[in-house]
Structures are given as structure tokens and as C-alpha cells.
Amino acid sequence: GCDSRLDYTAIGDSVNLAARLESINKAYGTDIIISESTYGQVVDDFAVRPLDVVAVKGKREGVKIFQLLGIKGEVDDAIVRCADSYSQALDHYIDRQWQQAVSGFGAVVQVDPGDKAARMLLARSQSYAGTPPPESWDGVFQATVK
């Protein structure tokens, strides 16, 4: 090997993040998760829904993650409406408005009981409604999956 073999750069960090995001798809019940930087590049062409703010394993800083739903204009209107409802509930969750988050995620689960991400955030919101996180909580979920 050469001296630069383990010289990680921005490319290495980006590839690491992509690998971590790919591995957390199972937890959210999704097929494709993208980061906020990728979202900024595809927002005009693809329909997405925000999923969460996570710190992937090995990182402390949170990154907003999104589920890629499909090409804009080709995604079913019902899916887009559910994504909008989920997005509003996620805003309530991040703003520590637990009851509104519970109501919002609950509504999404009513429409689509198989929505694993909505069920997961509903459970978190219910938990925080009973026992709120410390004031220092910044909305970031610490992922433990590699």
C-alpha cells in the first residue's frame, strides 16, 4: 500500500454517509434514503418526504434525511398528501410539540398502517409526550445501525 491509502477526504466522508443511509433504510421501511445535500440537487425533479434528522453511526452531527418517492408528477396524489402530512408532523416533532406530532403521525398511520417510518416517529412522539427529552435535545436521532 501507499501512504495515501487511508487518507480520507470529503469524498470518503460522503461515501461513508451514503453507506450509513443505505443501511438505515430497513429501520424506516424505505427503499431509498437521501441526505439533505442530495435533496438540494434533486428537489426540482423528484418527489421526496422528509423522514427524520439523524446522526449516523460514527457521527455526532445530525443530517436531515429524506425518502425518495419518485419522479415529480408521476407519484400518486395520495402518497404526496401522506408525505405532506408526515412532513407537518415531523415539524411538530422537531419543535417539541408532542401532541400535534402524535396526532399527525397517527393520521398518517391511519391512512397507511404499513408506514414503518410514521409508526416509529409516532412511538417516539408518544414517548416524549410522556417523558420529554432534556432541554438540550436538538431533534437529532442517534442511529446505532452501521
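Modeller: A polar contact is a pair of N or O atoms within 3.5 Å; within protein, one atom must be able to donate a hydrogen and the other to accept it, and residues adjacent in sequence count only if both atoms are side-chain atoms. This is a predicted model, in which local features need pLDDT of at least 70, side-chain atom pairs count only at pLDDT 80 or more, and totals for chains, interfaces and linings use all residues. Residues are numbered from 1 along each chain as its sequence is written, and side-chain values use heavy atoms, with hydrogens and water left out.

Biologist: What makes a polar contact with the side chain of Arg124?

Modeller: The side chain of Asp52 does, at 2.8 Å, and the limit for such a pair is 3.5 Å.

Biologist: Why does Ser35 count as buried?

Modeller: Ser35 has a relative accessibility of 6%, so Ser35 is buried.

Biologist: At what angle do helix H4 and helix H6 pack?

Modeller: Helix H4 (residues 77-94) and helix H6 (residues 116-130) pack at about 25 degrees. Angles run from 0 to 180 degrees between N-to-C directions, and axes are lines fitted to C-alpha atoms, for helices over the stretch in contact. Angles under 35 degrees count as roughly parallel, over 145 as roughly antiparallel, 65 to 115 as roughly perpendicular and the rest as oblique. H4 is therefore roughly parallel to H6.

How values were computed:
Helix = DSSP H or I, 4+ residues; strand = E, 2+ residues; numbered from the N terminus. Buried < 20%, exposed > 50% of the residue type's maximum accessible area, 1.4 Å probe, protein only.
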